[in-house]
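Subject: Structure handover

Hello,

Here is the structure for you to look over. My notes follow below it.

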Amino acid sequence: MHSFPLFLLTALSIFLMTAQSSAQQASQQRYTKIPAGYLMVLRQGDDVFAEIEKLAIKQKIPSATLAGMGFVNARFGFFNFKTKEYDPKEFEDVEMASMTGSIAWQDGKPSLHCHGVITGKDFRAYGGHLLGATVSTGSLEITFTVHDKLLERTMEQPLGANVLQLKD
């Protein structure tokens, strides 16, 4: 009879700790302005591409290059020129040794193009076109160098891929 109320108390405690942790994470500042552009720090569970897109929209970034490192669950893709689609591969709890990319715009929305190199505890490296990532244990730091020109991507054929357009 005593175990049932204890179970409820334990469940309630876990729920409250989880809610408090989620509220703290939601209220944490994710980026700050620096002379070159912005510095972003993401934490466990953050969707990397969603946070970059939010920054681009909120700060009206015309275009930027980015570099990052940290801990992630990552999804990479190798572009299949026959199917015009990415063949995906997922990696869990790895270190993003290097992430580079760019922010441009396409159809009124941010368009990201990112590549990365990840390593596991065996120190083997894998990399390529980053399709998406979430922060795993630890954090992910990204530095953005903002450019003064609005850059856009368009779908180019016969390539079948979005390509950054340069205009003076």
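The second largest pocket holds about 160 Å³ of space. A pocket here is an open set of points on a 1 Å grid over the protein atoms alone, where a 1.4 Å probe fits, with protein on both sides within 12 Å along at least five of seven lines. Volume is the space filled by probe spheres set on the points, joined across faces, edges and corners. Lining residues have an atom within 4 Å of a point.

This is a predicted model: local features need pLDDT of at least 70, side-chain atom pairs need 80 or more, and totals for chains, interfaces and linings use all residues. Numbering runs from 1 along each chain as its sequence is written, and side-chain values use heavy atoms, without hydrogens or water.

The lining of the second largest pocket includes Phe-76, Tyr-86, His-115 and His-129. Strand 3, strand 4 and strand 6 each supply at least two of its residues. Strands (E, at least two residues) and helices (H or I, at least four) are DSSP runs, numbered from the N terminus.

The largest pocket holds about 470 Å³. Of its 22 lining residues, Tyr-86, Leu-112, His-113, His-129 and Asn-162 are the closest to its centre. Strand 5 gives the largest share of the lining, six residues.

Now helix 2 (residues 48-58). Lys-60 follows helix 2, with a positive phi near 50 degrees.
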